[in-house]
Amino acid sequence: MLREKARSSNFIRVIDKNGYDEILSYVKEYRDKLYILRVGVKVDVNFKKLDLKKANRALLMAVPANFVVKKGHIYLIQAIKKVIETQNCNVYCYFFGKGLLEDELKLTVTQLNLEDRIFLKGQLPHDELIELYRSGKIDCVILPSIVTDDGEKEGIPVSLMEAMAHKIPVISTNTGGIPELLEGGAGIIVEQKNSDELAKAIMKLINDEKLREELGEKGFEKIEKEFNLSKIVEELLYLMGNN
C-alpha cells in the first residue's frame, strides 16, 4: 500500500536520510513529494552554559539510555576500565535508565571493580535530566549504540540531541542515523562495539578542555540549525498549508 499512499498524499515526511533513501526506493515516481523533516527538541537560542571550571575537577559522563542490547553499555564499561588503567584519572559515569540487562551490567561493573566509577542511577524523570544538563555538571554524554544481531539499530537519538542543545559534547557510534546527527564535527563518532576507540575518545575529552568546548558549541549549532523543534513545526505547518 505504500505506493498507493504516496500517490494520494500531498507530501511525505521522512525524518532522516536513511528513511528518505528507503522510501524513495519504493516510490521513485513520487520523489517530489518527499521531504526530510527532522524530529526535533526544544532549543533555547540564548542558552549559556554555566562555567564550573575548577582545578582537578572530575570528568562526569552520562548515558541516558535504557538497559537494552542496542544501547551497547557493555562496551562503555570496558572503555572506562581502559581509561582508568591508562591514565588513572578522575572520571565517573552515570547510567540513567532501566531494562532487562540491569543485573548483567551491575555484575560487569562489580567484576571490573568499577563500583566507585560507574553508577546505575535508575530512570531519571525527563525534567530532572534536563535540569542536570542545564546545571553544567555533566561534562559529556555518551551513547555507545550498536547494531544488534537481529538488525535493530538507532535512528537519530533524541538523547543526544538534548545534550547537544545544552552545549554538552557527545560521543557515539557509526550506527543508524547517528553519523547524520554528528557529522561536521558536532560530536565524536567511533566504531561500534569497540571499547578501545571509545576509551581513546574519552581520553581526548579528558585531556583537551578546548576540544570539549568546541564540540559543545558545534553540537549546539547543529541542533539549533537542523533539529530545533520550533523551526520544524513551522516547516510542517507550511507544508500542510501549501500542498
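Mentor: Lys193 is partly exposed, with a relative accessible area of 38%, where buried means under 20%, exposed over 50% and partly exposed in between, computed with a 1.4 Å probe on protein chains only. This is a predicted model, in which local features need pLDDT of at least 70 and side-chain atom pairs count only at pLDDT 80 or more, while totals for chains, interfaces and linings use all residues. Residues are numbered from 1 along each chain as its sequence is written, and side-chain values use heavy atoms, with hydrogens and water left out. Although Lys193 is not a glycine, its phi is positive, at about 55°, and its place is in the loop between β8 (188-190) and α8 (195-207); helices (H or I, at least four residues) and strands (E, at least two) are DSSP runs, numbered from the N terminus.

Asn113, likewise not a glycine, has a positive phi of about 55°, and this residue is found in the loop between α4 (102-111) and β5 (118-122). Asn113 counts as exposed, at 54% relative accessibility.

Turning to the cysteines, a disulfide is taken as a pair of cysteine sulfur atoms within 2.5 Å, and by this rule the count comes to zero. Cys89 is in no disulfide, since the nearest cysteine sulfur, that of Cys93, is 12 Å away, and Cys89 counts as buried at 12% relative accessibility. Cys93 is in no disulfide either, the nearest cysteine sulfur being that of Cys140 at 8.4 Å, and Cys93 is buried, with a relative accessible area of 0%.
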